[in-house]
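Work through the following exercises with the coordinates open, and compare each step with the solution given.

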Amino acid sequence: MRLFQKLFFLLQAQTSHGLHSPSVFRLYTEVINPIMNKSISRKSKTDELIQGISLFYSREIDLGEVFPLVIPHLNPEIYQQIDQDLLPKAQTNSILFILNPYESTLSQDIWDTLVDDPRVIHSIDLFDLGILRFNPLANKQHFMLKKS
């Protein structure tokens with residue numbers, strides 16, 4: 001099942017070509033793609049991505065500090081906490097990292113629900129890592145990105 005999901009993801013995902021958001025283009029070219037093209041373990045890539053993306057957004061936000069939160073697995077109990085506790089309190093400088101959003105059909109359904117949530121303004125899907133941001137002043141956008 002995961003192989004089919006990965007193939008479907010790769011058919012839909014894009015590289016820097018066609019990215020219409022200047023900040024996502026810079027994030028992709030300066031942080032995401034260089035890390036994804038490294039020959040290191042998946043865990044090391046994920047750790048570097050979380051650190052690099054957090055640092056990138058800390059430079060982009062006037063406050064200079066971001067608050068990343070890493071969710072290792074999605075399940076109904078975690079979703080309920082996210083929906084009731086985290087999303088209502090999310091600020092512009094909050095970033096929610098979801099590890100393995102395609103781990104199971106249930107986690108993928110929860111990921112899709114989070115992406116569709118109107119409180120989530122900016123989402124980036126890297127297949128092994130999902131990134132959610134909250135900025136009430138921006139337009140809702142969803143990006144599916146793969147390494148080039």
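**Exercise 1.** With 148 residues, what radius of gyration would a compact globule have, and what does the protein chain have?

Solution. The model is a predicted one, in which local features need pLDDT of at least 70 and side-chain atom pairs count only at pLDDT 80 or more, while totals for chains, interfaces and linings use all residues. Residues are numbered from 1 along each chain as its sequence is written, and side-chain values use heavy atoms, with hydrogens and water left out. The globule rule is 2.2 Å times the number of residues to the power 0.38, and the radius is taken over C-alpha atoms. For 148 residues a compact globule would come near 15 Å, and the protein chain has 14 Å, which agrees. Along the principal axes, the C-alpha atoms fill a box of roughly 35 × 35 × 25 Å.

**Exercise 2.** Determine the order of the strands in the sheet and what packs on it.

Solution. Begin with the elements, which are DSSP runs numbered from the N terminus (helices: H or I, at least four residues; strands: E, at least two). The protein chain has 5 helices and 5 strands, in the sequence pattern α-α-α-β-α-β-α-β-β-β. Next, take two strands as paired if DSSP finds at least two bridges between them; the 5 strands then form an open sheet with mixed pairing and the order β1-β2-β4-β3-β5. Its edge strands, each pairing on one side only, are β1 (67-71) and β5 (141-144). Within the sheet, β2 (94-99) and β4 (129-133) run antiparallel and are joined by 5 bridges, and Phe97 has Ile131 of β4 as its bridge partner. Finally, place the helices, with contact meaning heavy atoms within 4.5 Å and angles running from 0 to 180 degrees between N-to-C directions of lines fitted to C-alpha atoms, for helices over the stretch in contact. Helix α5 (105-116) packs on the sheet, touching β2, β3, β4 and β5, and its direction makes about 25° with that of β4. Helix α3 lies across β1, β2, β3 (122-125) and β4, and runs at about 165° to β2.

**Exercise 3.** Which residues lie nearest the centre of the largest pocket, and which helix gives the most to its lining?

Solution. A pocket is an open set of points on a 1 Å grid over the protein atoms alone, where a 1.4 Å probe fits, with protein on both sides within 12 Å along at least five of seven lines; lining residues have an atom within 4 Å of a point. Of the 13 lining residues, Lys6, Met36, Lys45, Leu126 and Asp128 lie nearest the centre. Helix α3 (42-60) gives the most, with 4 residues.
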